[in-house]
Amino acid sequence: MTEKALRLGTRRSKLAMAQSGQVADAVRQLTGRQVELVEITTYGDTSREHLAQIGGTGVFVVALREALLRGEVDFAVHSLKDLPTAQHPDLVLAAVPVREDPRDVLVARDGLTFAELPAGARVGTGSPRRMAQLNAYARGHEMTIETVPIRGNIDTRVGYVTKGELDAVVLAAAGLNRIGRGDVVTEILSVDTVLPAPGQGALAIECAAANADLAAVLAELDDPFTRAAVTAERSLLAALEAGCSAPVGALADVLDDGQAVHEMRLRGVVGTTDGSSLVQLSTTGPVPTSHDEAMALGRELADEMLAKGAAGLMGERAL
């Protein structure tokens, strides 16, 4: 008797379907079992409000998690940056696969880079984090830009530029790469200019905690370096008590000397959306070998940022 197909819960967007399709292929190879995609609409998909208004945290994951808890799907794939930082008591984060490029990219008219944008250029993004850092960079380089809040899927956002409504938009490199649209990128933004969202570029594979056998199988897809990095980043976010719509950027990367990886550097930034005030710090320590060590790295940096006034910068939600 053949085993039943595993049901993978996914959002319906082109990007979510591409991400979930890649995970489904990996699980098929791992288990030899069929995997079918079950499309689920989330509140974040149907709401036309800006993320900062609908609360940001969890709006794309609640419906998927409810389907998991009701047993309608066996496991779910999320963009990790959409997951609330607190772990759900009845679910387990079974795997965090190898991360895609975590950086942000610019898609601008006429092939322009950010520094080449004309005075008063209108730059679209739905993220207060990106607004804060883009505006801060512009201020520091005597540029004038106007950041314009936008929503919508990748094609919609790129369309604002191709139709001439905006001069540029800023998106995550990972999303464009996963749907094969990397060709529209006019500049990969250095993490020194814009730090990505905590967990950006990484996927989260979640299943019911009660389903220990499936969790053990899915754990084969886990990448320990990616998991340590995103755990540190999300710990920073949680310690700043900020949701995923807050203007917080974080990136942990491993430093290697060509032979072995010894250290992890964690960078964090928080700022007012107009870019007038930023707190940006980094810390370096041994690569965490446990969940607790990764959490401690994030908390440590958050404490330093709070001591430098980070909390006061997060009160300003961009609506």
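Of the contacts in the protein chain with a separation of 6 or more, 71% are between residues 24 or more positions apart, contact meaning heavy atoms within 4.5 Å. This is a predicted model, where local features need pLDDT of at least 70, side-chain atom pairs count only at pLDDT 80 or more, and totals for chains, interfaces and linings use all residues. Residues are numbered from 1 along each chain as its sequence is written, and side-chain values use heavy atoms, without hydrogens and water.

The protein chain has 319 residues, and 52% of them count as buried, that is, under 20% relative accessible area with a 1.4 Å probe, protein chains only.

The axes of α9, residues 224-239, and α10, residues 291-307, come within 7 Å and cross at roughly 40 degrees. Helices here are DSSP runs of H or I, at least four residues, and strands are runs of E, at least two, numbered from the N terminus. Axes are lines fitted to C-alpha atoms over the stretch in contact, with angles from 0 to 180 degrees between N-to-C directions.

Last, proline 196. Proline 196 sits in the loop between β9 (187-188) and β10 (203-208), and is buried at a relative accessible area of 0%. Beyond its neighbours within four places in sequence, proline 196 contacts Pro102, Asp104, Arg129, Val191, Gly249, Ala250 and Leu251. Its C-alpha lies 8.5 Å from that of valine 248, 52 residues apart along the chain.

Terms used. Buried means under 20% relative accessible area, exposed over 50%, partly exposed in between (1.4 Å probe, protein chains only).
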